[in-house]
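Here is a short report on how this protein chain is put together.

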Amino acid sequence: MTALSNSTRIYVDADACPVKDEIYRVAARHGLPVTVVAGQFIRVPQDLLIERIAAGSAMDAADDWIAERAGPGDIVITADIPLASRCVKSGAEVIAPNGKPFTEASIGMTLAVRNLMTDLRSSGEITGGPRGFSPRDRSAFLSALDQTIRRIQRRRADAPAPPQG
C-alpha cells in the first residue's frame with residue numbers, strides 16, 4: 001500500500017455512481033481516503049478511509065459540497081458535467097464513471113454539447129438518453145482511476161520539498 005499525502009482525497013458524487021465498489025478497492029490499495037457524497041443517507045462499507053456525507057435534499061447540495069472542497073491533488077468521480085467543470089476549474093482531477101477524464105482542454109466543449117443535447121431533448125428533437133453502462137466502461141474507469149492516482153504520485157514525487165522551518 002502506497003499512501004499519498006493526506007491532502008489527496010477521492011470525492012464521489014454518489015447518488016447514481018455505478019463504480020463505488022471499484023473506487024473503494026482502488027482507494028484501499030493506495031491508502032487514499034474517500035468521501036462519498038449524496039443528497040441523503042447512502043450505505044458505505046465500514047472502513048476508516050471511507051467517509052459518508054449526506055449533503056441535504058436541496059438542489060445541487062451534494063455537488064456544492066464537493067465543489068467547495070475539491071482542489072489540486074484531489075480526484076472527483078462524477079458524471080455531472082457542471083460539477084466536473086467546477087472541480088476542474090479548482091484544480092482537481094475529474095473522471096466520469098465510464099473512465100472519461102474531464103480536463104481544462106475538454107470541459108468547455110463537453111459543457112456545450114451537454115447544453116445542446118438538453119435543448120434538443122426539451123424540444124423533442126432527441127428522445128433517447130445516453131447508452132447504458134457496460135463492462136467496458138467499468139474497465140476503462142478502473143484504468144483511468146489508477147492512472148490518475150499514479151500521475152498525482154509522480155507529480156508529488158517530482159515536486160520540490162517544502163522548506164523546513
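## Burial and surface

Of the 165 residues in the protein chain, 41% are buried, meaning under 20% relative accessible area with a 1.4 Å probe, protein chains only. The chain exposes about 9600 Å², with 53% of that supplied by carbon and sulfur atoms; the areas come from the Shrake-Rupley method with a 1.4 Å probe.

This is a predicted model, in which local features need pLDDT of at least 70, side-chain atom pairs count only at pLDDT 80 or more, and totals for chains, interfaces and linings use all residues. Residues are numbered from 1 along each chain as its sequence is written, and side-chain values use heavy atoms, leaving out hydrogens and water.

## Layout of the chain

The protein chain holds 5 helices and 6 strands, taken as DSSP runs numbered from the N terminus (helices H or I, at least four residues; strands E, at least two). Their order from the N terminus is β-α-β-β-α-β-α-β-β-α-α.

Contacts here are heavy atoms within 4.5 Å. Among those between residues at least 6 apart in sequence, 51% join residues at least 24 apart.

## The nonpolar cores

A nonpolar core is a set of buried Ala, Val, Leu, Ile, Met, Phe, Trp, Tyr and Cys residues joined through side-chain atoms within 4.5 Å. The largest one has 24 residues, and Ile10, Ile23, Val34, Val36, Ile75, Ile77 and Leu145 have the most contacts inside it. Two or more residues each come from strand 1 (10-13), helix 1 (20-30), strand 2 (34-38), strand 4 (75-77) and helix 5 (135-158). Helix 5 gives the largest share, 5 residues.

A second, separate core has 18 residues, among them Trp65, Ala70, Ile81 and Val94.

Technical notes. Buried < 20%, exposed > 50% of the residue type's maximum accessible area, 1.4 Å probe, protein only.
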